[in-house]
Amino acid sequence: WQMAAGFFIAAMGVGAILVHSVPLLQEHGLDRGTAAQVAGLFGLSVTVGRIFTGYLLDRMFGPTVAMVMFIAPALACVVMLVAGNNVLICALAIMIFGLAAGAEFDIAAYFVSRYFGRKNYGAIYGLLYTIFVVGSAVTPPMAGKVFDLYQTYDPALMAGIAIFLVAAVLCGTLGPYPKETYQP
């Protein structure tokens with residue numbers, strides 16, 4: 001349940017950023033075309049995030065990888081709060097969000113195999129994936145409402161910092177893999 005909560009919360013943060021990335025970048029002074037180009041880096045970095053995370057999971061303890069990959073978007077929220085209209089800094093933040101989004105699926109699949117084994121892998125991963133999808137669907141309307149109320153995404157970014165840090169703690173403190181389920 002701790003793992004499910006961590007991925008649900010992380011998905012909340014990623015979902016809001018993904019859906020609102022172009023207007024968020026426009027709020028930082030980027031014109032619509034430039035904002036769309038920078039937001040396009042999200043998709044590219046998702047792929048890089050999946051490959052990079054797989055590489056790290058093969059070499060490091062999974063919860064440590066999860067903690068790092070979920071702290072990174074919290075830092076990207078901070079970067080977005082102070083970025084102003086600097087295209088390169090905004091692009092860096094968007095790419096970090098994409099890396100985290102790519103990492104989530106790989107980490108979830110890896111964790112299910114290590115903590116639960118293969119016997120019920122499909123059912124458990126399917127449930128975790130469903131929880132992730134629901135989490136990513138919950139926050140885009142909330143972030144839109146925040147913007148409508150405050151005419152800025154800054155409160156949503158501040159909430160994102162907390163969201164990603166909580167996800168990092170939940171997934172980063174899962175503990176050792178049970179010996180009876182781990183089969184290399």
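**Notes on a helical model**

1. Let's start at Q151, which sits in the loop that joins helix 5 (121–150) to helix 6 (154–172); helices here are DSSP runs of H or I with at least four residues, numbered from the N terminus. The phi angle of Q151 is near 60 degrees, a positive value although the residue is not glycine. As background, most residues other than glycine have a negative phi. Q151 is also exposed, with a relative accessible area of 54% (exposed is over 50%, buried under 20%, partly exposed in between, with a 1.4 Å probe and protein chains only).

2. A word on what you are looking at: this is a predicted model, in which local features need pLDDT of at least 70 and side-chain atom pairs pLDDT 80 or more, while totals for chains, interfaces and linings use all residues. Residues are numbered from 1 along each chain as its sequence is written, and side-chain values use heavy atoms, without hydrogens or water.

3. How many salt bridges does the structure hold? There is one, counting a Lys or Arg side-chain nitrogen within 4 Å of a carboxyl oxygen of Asp or Glu. The partners are D106 and R50, whose side chains meet at 3.0 Å, N to O. D106 belongs to helix 4 (residues 87–116) and R50 to helix 2, so the bridge ties together parts that are 56 residues apart in sequence. D106 is buried, at 17% relative accessible area, whereas R50 is partly exposed, at 39%.

4. The aromatic side chains deserve a look too. Across the whole structure there are twelve aromatic pairs (ring centres of Phe, Tyr or Trp, the last by its six-membered ring, within 6.5 Å; planes under 30 degrees apart are stacked, over 60 edge-to-face, the rest tilted). One of them is F7 with F70, an edge-to-face pair with centres 6.0 Å apart and 85 degrees between the planes. This pair links distant parts of the chain, since F7 is in helix 1 (residues 2–27) and F70 in helix 3 (residues 62–82), 63 residues apart.

5. What about the cysteines? The structure holds zero disulfides, a disulfide being two cysteine sulfur atoms within 2.5 Å. For C90, the nearest cysteine sulfur is that of C77, 13 Å away. C171 is likewise in no disulfide, and its nearest cysteine sulfur, again that of C77, lies 16 Å away. C90 is buried, at 0% relative accessibility, and C171 is buried at 0% as well.

6. Leaving out residues up to four places away in sequence, H28 touches M80, A83, G84, N85 and C90 (contact means heavy atoms within 4.5 Å).

7. A5, in helix 1, is partly exposed at 29% relative accessible area. The C-alpha atoms of A5 and F132 are 9.2 Å apart in space, although 127 residues separate the two in sequence. Over in helix 2 (residues 32–59) you will find L44, which is exposed, with a relative accessible area of 55%.

Terms used:
Helix = DSSP H or I, 4+ residues; strand = E, 2+ residues; numbered from the N terminus.
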